[in-house]
Amino acid sequence: MIFSPLDLASLSVLLFLLQVLLAPLFRKNERAMVNICFSLAAAASLLAVAAGIWTVENGTTEKAILVLGLPDLPFHLRLDALSGFFLTTIGLLAFYVSVYSIGYVRGFIGQRPVMRLVIFYSFFIAGMFMVVLADDALFFLISWEFMAAASYFLVMYEDEKAENKRAAFLYLVIAHIGAVAILLSFGVMAGLATDFRDFSGYTFDAMRASQFPVEWATAAFFLSFFGFAAKAGIIPLHVWLPEAHPVAPSNISALMSGVMLKTAIYGIIRVTLDIIKVFPWWWGAVVLVFGLVSAVMGVLYALMQHDLKRLLAYHSVENIGIILIGIGLSMVFMSFQMPLIAALALTAGVYHTMNHAMFKGLLFMGAGAVLHATHERNMEEMGGLIHKMPWTAVLFLIGCVSISALPPFNGFVSEWLTFQAFLLSPSLPAPILKLLMPIGAAILALTGALAAACFVKAFGVTFLGRWRGHHKPKIQEVNWPMRIGMMMAAATCLLLGILPTLFIGWMDTIPVQLVGSTISASAGTYGWLWLTPVASERASYSGITVFLGILAVVAAVYILLHVKPGAIRRGHVWDCGFEKLTERMQYNATSFSMPIRRIFGYLFNIKEQVDLAQQSAHSAFPKRLNYYLRVRDRAWGWLYKPIAEASFWLSRKVGMLQQGRIQTYLIYSFITIILLLVFVI
Amino acid sequence: MPLLTLLVVPLFAAVVLAFVGDRKYAPEINIAGSAATFLAGIALALDVYTNGPMLAGNKFFFVDAFNVYLAMLTSFVSMTTAIFSRRYMRREREHGRVGHWGMRFYHAMFQLFIFAMFLCLLTNNIGVLWIAMELATLSTVLLVSLYRTPTAIEAAWKYFILCGVGIAQALFGTVLLYFAAEKVLGEGGEALLWTNLIQSSGKLEPTILSLAFVFLMVGYGTKVGLVPLHNWLPDAHSEGPTPISAVLSGLLLNVALYALVRCKAIVDGSTHTHYAGNIMMGFGIISILVAAFSLLRQKDIKRMFSYSSIEHMGIATFAFGLGGPIATYGALLHMLVHSLAKSSIFFTVGHASQMHRTQDMDKIKGLIRGNPLVGWGMMFGAMAIVGMPPFGIFTSEFLILTATIKDAPLMTPFLLLGLAVAFAAIFRKVQPMVAGEIPSYQKSMKVAHLPVLLHMAIVLAVGLYMPIFLNQWFHKAVQILK
Amino acid sequence: MDIHTTAQIINFLAAMVLLTAFGMLVQRRIYGLIHLFAWQGLFLSVSTAIVGYAAGRHHLYISSVLTLALKVILLPYILNALIHKLKIRKEIETVVNVPLTMLIGIALVIFSYSLTAPVREMSTLVTRSILAIALATVMIGLLMMITRRHAVTQIIGFLAMENGLFFAATSATYGMPLVVELGVAIDVLIAAFIFGIFFFHINTTFDSLDVEQMARLKEGE
Amino acid sequence: MKFLPLLMEIMQLLLLLAAAPLFAGWVKMVKCWSQGRTSPSLLQPYRDIAKLFSKDVVLAENASWIFRFTPYIVFGATLLAGGIIPILSVDLPLSATADVIALVALFAIARFFTALAGMDIGTAFGGMGSSREMMIASLAEPAMLMAVFTMSLASKSTSLSHIAQAILQSDIHMALRPSLAFAFLAFVMIAIAETGRIPVDNPATHLELTMIHEAMILEYSGRHLALIEWAGMMKLFLYMSLGAAAFFPWGIAGAGNMAAIPLALIYLIIKFALAGVVLVLIETGLAKMRFFRVTEFLGAAFLLATLGMLAHFILE
């Protein structure tokens with residue numbers, strides 16, 4: 001074999017990095033730049049996908065050492081099943097989004113320089129690839145921050161808008177603080193690995209090789225978990241996410257939310273299951289709890305949004321939570337030496353990682369298409385787009401169905417697997433877990449149902465009904481590259497939904513390498529058609545049967561009913577005998593989520609007021625009625641505001657040190673000397 | 001004899017420039033002089049790299065792995081600064097902020113300052129080290145007050161008095177050192193030679209040396225700009241001409257730290273305790289925290305970055321104090337990359353403030369659109385300075401932080417807090433400056449591309465690929481300072 | 001003369017140096033200050049010479065001459081000239097009241113004595129006790145800079161510190177290497193010119209030499 | 001694939017299609033009796049459906065394909081669910097298609113599209129209906145899952161056929177577990193909510209402010225309405241048989257004995273007759289509750305299911 005997977009991956013990274021040289025060549029002809037560079041990006045992503053699929057398929061582990069970096073600590077690369085899987089995920093979405101971008105970025109030509117977008121886009125993807133390939137602390141962190149910086153510039157792309165600046169700043173600060181925390185955790189592990197005699201401790205291999213005392217390991221774990229949580233947007237570190245995703249260009253939000261968050265998941269798995277390996281069960285419990293909280297809070301916040309992209313961003317919080325639930329479960333089972341169930345949970349988590357990448361990418365692309373066509377992000381203004389943009393509508397709908405965990409699409413499979421893992425919790429030795437795990441399962445169920453509600457709202461308000469806005473823009477369907485990008489993503493969603501057994505069979509090298517067991521043996525017992533995670537009599541699911549079944553019935557019934565042509569008349573909707581039913585009377589996003597807002601209101605910081613302006617003759621019939629509603633994230637008031645205020649207070653106090661009189665400064669030196677001398681004696 | 005050239009050329013250039021004065025070609029002569037110096041620096045570096053450490057001028061000069069890279073750095077940065085100041089000072093002259101005498105003075109003193117720093121770095125005699133340090137101060141004092149504005153004079157006065165007092169303490173420390181040494185090494189010049197001192201440091205009297213270190217610490221610490229002795233630094237940086245701020249931040253602080261570390265090595269050799277290290281760590285951590293929180297409230301752009309210099313000097317001091325192979329390596333690297341990054345930031349800052357005719361950060365806007373080099377330069381400079389990879393400062397901070405966790409875990413939270421706050425504070429201000437539309441009052445102007453590009457390129461390169469020779473020197477230096 | 005009398009004389013001179021230092025600390029009138037400074041320089045140079053003679057370090061003669069020229073003649077002259085030029089003859093007040101300053105001064109002497117006590121034990125030189133005085137002088141100089149608010153007096157305080165250092169350098173140890181002392185002298189000279197220039201700048205910009213006005217650059221509101 | 005199970009499958013589907021309206025009729029009849037009214041005949045639902053099929057369709061002017069296709073999808077999903085729940089026999093080829101969780105998800109598909117259809121026409125009513133429906137569903141979901149969890153604890157499985165088989169094969173004690181009793185109560189409440197019966201929703205009303213399910217399908221007519229109505233009846237029927245299979249599986253034919261089918265049918269008829277009566281008792285006994293009271297209702301269901309789970313670990 002001439003090429004090894006690692007070569008392919010490196011080649012693709014190289015191609016991405018080379019865009020910085022390629023793009024300027026077309027400074028004159030931006031359209032050509034967009035077409036060529038994004039096509040190249042798509043090709044490069046495919047290379048990475050090939051490398052990933054290949055690696056995971058064979059479960060090989062490949063290593064390489066670059067000449068870069070410190071002479072004593074060169075950059076180490078490593079491509080094993082886990083990296084391969086994430087390489088595939090990132091590459092796949094990067095491919096779709098690159099195709100989509102060919103069409104999407106056209107919209108910017110003439111308005112603002114595109115080159116910046118093209119270059120940082122490539123850097124961004126390259127950074128993500130490098131993160132999953134890195135095998136030593138230094139290179140990992142460099143790639144990590146490289147990725148963060150690139151995405152920061154992408155969020156900043158429309159840099160004259162205040163909201164972009166704010167979001168980008170918030171994003172970068174949180175990301176950087178997280179990165180420092182990760183750095184510290186690596187420092188702890190490296191220190192324990194080699195006692196700082198030399199640099200060799202910084203390689204992951206050295207860390208893998210060494211056994212950590214539990215208290216240090218705990219410190220390392222929590223530091224890195226904090227750091228990765230900040231990137232993954234786990235509550236309460238999620239606040240940057242709903243700010244940054246909406247303002248970034250939609251192809252970027254698709255990547256950020258679809259795959260960038262996953263690099264954090266990768267990191268968590270890498271550190272816990274691969275590097276530290278042995279840990280007490282309550283680590284898993286912690287991860288699980290954070291996962292549950294993020295999941296349910298994420299979806300509830302999402303329900304409160306009326307900005308389409310913001311809504312999707314909050315759903316990323318939710319789905320990251322679901323992924324963490326899977327990982328946390330597998331950690332718990334792992335710590336009790338139950339590799340089989342651990343493998344099931346891990347598979348569920350990783351599977352959902354791939355799924356979320358696909359449908360969230362699809363949804364953000366769809367939102368981008370809507371934005372592109374209507375120049376509107378506020379759902380309250382939208383409606384009836386299904387008539388104007390039929391393609392986008394169908395594809396977006398597929399995304400909605402997938403993310404709402406409805407069969408036969410992919411979201412359901414992974415959540416179902418997670419439920420199966422939950423259902424096996426009674427076999428745990430710790431009684432407290434036995435009693436508490438089912439509650440977790442119930443919360444997950446609640447999350448799923450709320451997600452469905454939320455996407456009925458999202459799709460219904462955006463695409464169905466009639467246009468709510470006052471001004472009626474000229475809306476038309478988006479161009480083909482965008483459609484194709486979305487179509488491919490949608491197709492993937494369906495395939496992942498109806499052929500789970502094949503997918504699990506492909507990725508079973510991951511659990512084998514990490515938890516030393518696999519479910520594909522049992523999962524496939526009934527043949528590829530039936531997914532039976534643990535045992536066929538335990539539980540089984542067949543996506544394809546559901547799909548074909550429903551399809552068959554629908555077709556059959558449809559044909560039966562249309563043998564004799566029945567006329568279809570169009571008529572006015574029933575207006576309850578009260579004329580002039582206007583668009584503004586439709587249910588909108590706010591009114592749709594009212595019941596849930598009422599029930600879970602105490603979780604939000606809600607400011608709501610109604611004033612009846614211009615009283616008419618009878619107070620029961622006001623001429624107009626102003627309704628004001630503001631739903632805020634509680635995290636702001638509880639966590640971030642205090643921190644900011646505290647630091648400014650401190651800086652005021654510190655400022656007092658320097659109040660201008662030179663005598664005072666001399667007194668400082670005087671006192672310093674005296675104190676030090678006293679300290680000496 | 002590159003070593004001699006290194007010292008003679010700047011002195012000579014200073015004299016020449018003093019006579020050339022405000023002629024058209026003065027800046028070019030300035031550049032030529034620094035370029036020659038730079039070549040000499042490279043020659044010296046090659047010499048040392050091939051033949052190892054060397055003693056010269058009957059032990060009067062001493063070059064080893066520790067100071068050779070600093071000498072090379074100094075020569076390089078002084079050259080780029082000269083290139084930068086050509087356009088910059090011309091602008092200032094046109095704006096009428098500097099007079100004819102001012103220019104003469106500026107060029108001459110600039111070269112004298114460079115000379116002083118080389119003397120500092122290369123001499124083997126700690127007494128001469130002190131003298132050169134004082135000379136460096138005196139040569140820059142009047143440069144700080146070049147603009148003759150009340151604030152400039154005030155800043156210069158504070159600089160003069162505070163550093164004078166500080167440096168006086170350092171002299172007292174040196175005297176004590178001699179006091180201890182002459183018993184061992186006999187009276188006369190021998191007793192002040194660093195090479196002798198370090199060899200026989202074991203025999204020196206610990207009590208005297210620990211006493212001496214206090215004065216040396218306060219003295220040189222004042223020049224390093226460690227809190228609470230730092231108060232001259234922001235004023236001097238913000239009021240002086242930008243090239244001077246660049247060399248002050250980029251070079252003078254390094255040199256002062258160099259002197260401090262040399263002395264620490266001797267003291268450690270005598271006391272065999274971590275006492276000196278603890279003091280340095282204390283100063284370092286306080287400097288980091290105070291600087292970080294002061295960063296939050298800055299309005300003047302040069303002031304802000306001078307606080308960041310304090311912060312970074314704090315980090316380096318802390319790391320030297322921490323000791324141990326990795327921390328020391330990190331500290332050495334940190335001195336290098338910080339001086340490069342910080343001076344390049346000051347270059348962009350200078351252009352930016354000239355474009356807007358103000359140093360008020362709220363008025364500076366739209367740099368990227370206005371002048372991509374300045375805008376991106378400042379952006380990436382800021383990213384480098386706050387320690388974002390792939391720039392070199394990340395590498396050094398990475399090493400320092402990780403070493404800290406191992407050796408002084410209790411310090412990490414403070415270190416972390418300081419770094420995080422500094423990060424937020426700097427970006428909070430830099431982002432609005434580079435982003436957004438061009439304001440009406442922004443003037444477009446010709447800028448010096450080369451210095452910024454060179455510096456950022458090197459900082460980036462060091463971050464991604466550390467040259468073998470640097471690595472070797474650092475390791476040697478780690479051995480020396482152990 | 002034998003070693004003991006030398007020691008006696010040197011210690012006496014040291015006492016005088018300290019005395020002048022205290023004198024400067026509380027002297028209100030600027031001329032008085034300059035005179036005291038000159039006297040201190042004189043004691044310094046004499047003691048340097050004596051040490052040089054006693055210890056047979058002949059380069060100390062050079063430094064003593066230097067001191068004489070610089071600290072006793074040149075600097076006082078420059079200061080006088082400046083004061084004439086800038087027309088500041090009026091008496092100037094201290095920030096902290098005299099007794100308190102005195103007390104702090106005393107405390108500093110005690111402190112530096114106790115500090116240098118261990119060093120004294122180790123040293124065999126006859127002049128070892130000078131170190132305490134020198135340190136005290138340095139500290140008092142610093143204290144003076146702190147308490148005074150007039151540019152000229154601050155500079156004089158600075159120079160007094162320098163004197164203390166010089167005292168330590170020449171007498172406490174039998175003289176630093178000549179190159180060092182020359183360097184120090186040159187630095188002091190340059191410093192003198194620089195503060196000369198400064199006086200003009202300050203006086204022209206703030207039309208007074210009161211450093212209290214120079215408090216614009218600050219952080220705290 | 002063996003012939004027998006396939007036959008069974010087909011029989012079961014036909015039974016479902018045929019018997020669902022009948023059961024709806026029966027419920028209506030019992031209700032009328034209980035309220036002392038003369039009831040329509042048992043076959044009335046068939047007549048309604050037939051009538052609707054023969055009518056033309058009137059679509060709202062801006063109804064999209066979502067609105068048109070929802071009825072088919074709803075019908076399809078419900079019918080498929082019917083192929084999975086063991087009504088007559090546990091030995092069904094389709095039974096492995098989905099366990100209880102997936103089964104619930106099948107109903108969720110139907111609900112999802114119905115809700116979309118409600119939004120599609122763009123009236124206040126449709127949106128109101130969808131919003132309320134989704135809210136109730138979200139609250140019902142965790143309770144349902146908890147009930148399923150408890151069921152599965154007893155019989156180490158979530159696949160209905162296996163649950164039924166497990167109970168059938170085991171002795172009577174299995175059925176008398178306290179955990180299952182709790183779970184059953186919870187299940188009943190959830191079923192009421194899911195099928196939109198009193199006290200949660202009232203299928204008989206078209207009073208604007210109280211209707212939920214009806215509000216969504218307000219604009220439907222002709223064959224679309226017929227399909228939806230029919231699917232609704234099937235859903236009710238299926239929830240009944242789901243409960244029957246999970247808690248009272250007696251009579252359901254075990255694997256592969258054709259002989260047991262007639263018996264199974266008789267059992268079925270008895271069970272459903274009783275179920276209908278119980279349902280009516282509940283509906284007439286309780287009043288339709290205010291919308292925001294549903295929270296408490298479903299909360300209670302969740303509580304019961306959780307108690308069942310705890311009971312399993314503590315008592316059994």
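Trainee: Which chains have the most contacts among the four pairs that touch?

Mentor: That's chains A and D. Keep in mind that we're looking at a predicted model.

Trainee: How many residues does the contact take from chain A and from chain D?

Mentor: The contact uses 68 residues from chain A and 68 residues from chain D. On the chain A side, the elements giving two or more residues include helix H14 (385-388), helix H16 (410-423), helix H17 (431-463) and strand S3 (568-571) of chain A. H17(A) gives the most to that side, with 16 residues.

Trainee: And what classes of residue are on the side of chain A that touches chain D?

Mentor: There are 45 nonpolar, 16 polar and seven charged residues on that side.

Trainee: You mentioned S3(A). Which strand of chain D is S3(A) joined to?

Mentor: S3(A) is joined to strand S1 (residues 57-60) of chain D by four bridges, and the two strands run parallel.

Trainee: Which residue stands opposite A:Arg570 there?

Mentor: Look for D:Leu59 in S1(D), which stands opposite A:Arg570.

Trainee: OK, what about chains that do not touch? How far apart are the nearest C-alpha atoms of chain B and chain D?

Mentor: Those are 41 Å apart. Chain C and chain D do not touch either, and their nearest C-alpha atoms are 55 Å apart.

Trainee: Switching to chain B. How many helices and strands are in chain B?

Mentor: Chain B has 19 helices and two strands. Its radius of gyration is 21 Å, close to the 23 Å that the globule rule gives for 482 residues, so chain B is as compact as a globular protein of that length. If you want a box around its C-alpha atoms, think roughly 70 × 55 × 45 Å along the principal axes.

Trainee: What share of the 482 residues in chain B is buried?

Mentor: Buried residues make up 71% of them. Also, take the contacts in chain B with a separation of 6 or more: 81% of those are between residues 24 or more positions apart.

Trainee: What is the mean pLDDT of chain B?

Mentor: The mean is 91, and 100% of the residues in chain B reach 70 or more. Confidence is lowest in strand S1 (residues 54-56) of chain B, at a mean of 87, and highest in helix H12 (residues 301-322) of chain B, at 95.

Trainee: How many residues does the contact between chains A and B take from each?

Mentor: Chain B puts in 54 residues and chain A puts in 46 residues. On the chain B side, helix H6 (150-185), helix H11 (275-295) and helix H17 (412-434) of chain B are among the elements giving two or more residues. H17(B) gives the most, with 11 residues. By class, that side has 36 nonpolar, 13 polar and five charged residues.

Trainee: Back to chain D. What should helix H11 (residues 260-285) of chain D span?

Mentor: It has 26 residues, and at 1.5 Å a residue they should span 38 Å. The end C-alpha atoms of H11(D) are 37 Å apart, which agrees.

Trainee: Which residues in H11(D) are buried?

Mentor: Among them are D:Phe272, D:Ala275, D:Gly276, D:Leu279, D:Val280 and D:Glu283. An α-helix has 3.6 residues a turn, so residues three or four places apart point the same way. What covers the buried residues of H11(D) includes helix H1 (3-34) and helix H10 (222-247) of chain D.

Trainee: Which residue has a phi near 65°?

Mentor: A:Lys277, which has that positive value without being a glycine. You'll find A:Lys277 in the loop between helix H10 (250-276) and helix H11 (281-304) of chain A. B:Asn58 has a positive phi too, about 20°.

Trainee: Is B:Asn58 buried or exposed?

Mentor: B:Asn58 has 9 other C-beta atoms within 10 Å. The cut-off for exposed is 12 or fewer, so B:Asn58 is exposed.

Notes. Residues are numbered from 1 along each chain as its sequence is written. Chains are lettered from A and ligands numbered from 1 in the order in which they are written. This is a predicted model: local features need pLDDT of at least 70, side-chain atom pairs count only at pLDDT 80 or more; totals for chains, interfaces and linings use all residues. The radius of gyration is taken over C-alpha atoms; the globule rule is 2.2 Å times the number of residues to the power 0.38. A residue is buried if 20 or more other C-beta atoms lie within 10 Å of its own, exposed if 12 or fewer, and partly exposed in between; C-beta atoms are placed from the backbone. Two residues are in contact if their C-beta atoms, placed from the backbone, lie within 7 Å. Ala, Val, Leu, Ile, Met, Phe, Trp, Tyr, Cys and Pro count as nonpolar, Asp, Glu, Lys and Arg as charged, and the others, Gly among them, as polar. Two strands pair if DSSP finds at least two bridges between them. pLDDT is the predictor's confidence in each residue, from 0 to 100. The expected span of a helix is 1.5 Å times one less than its number of residues.
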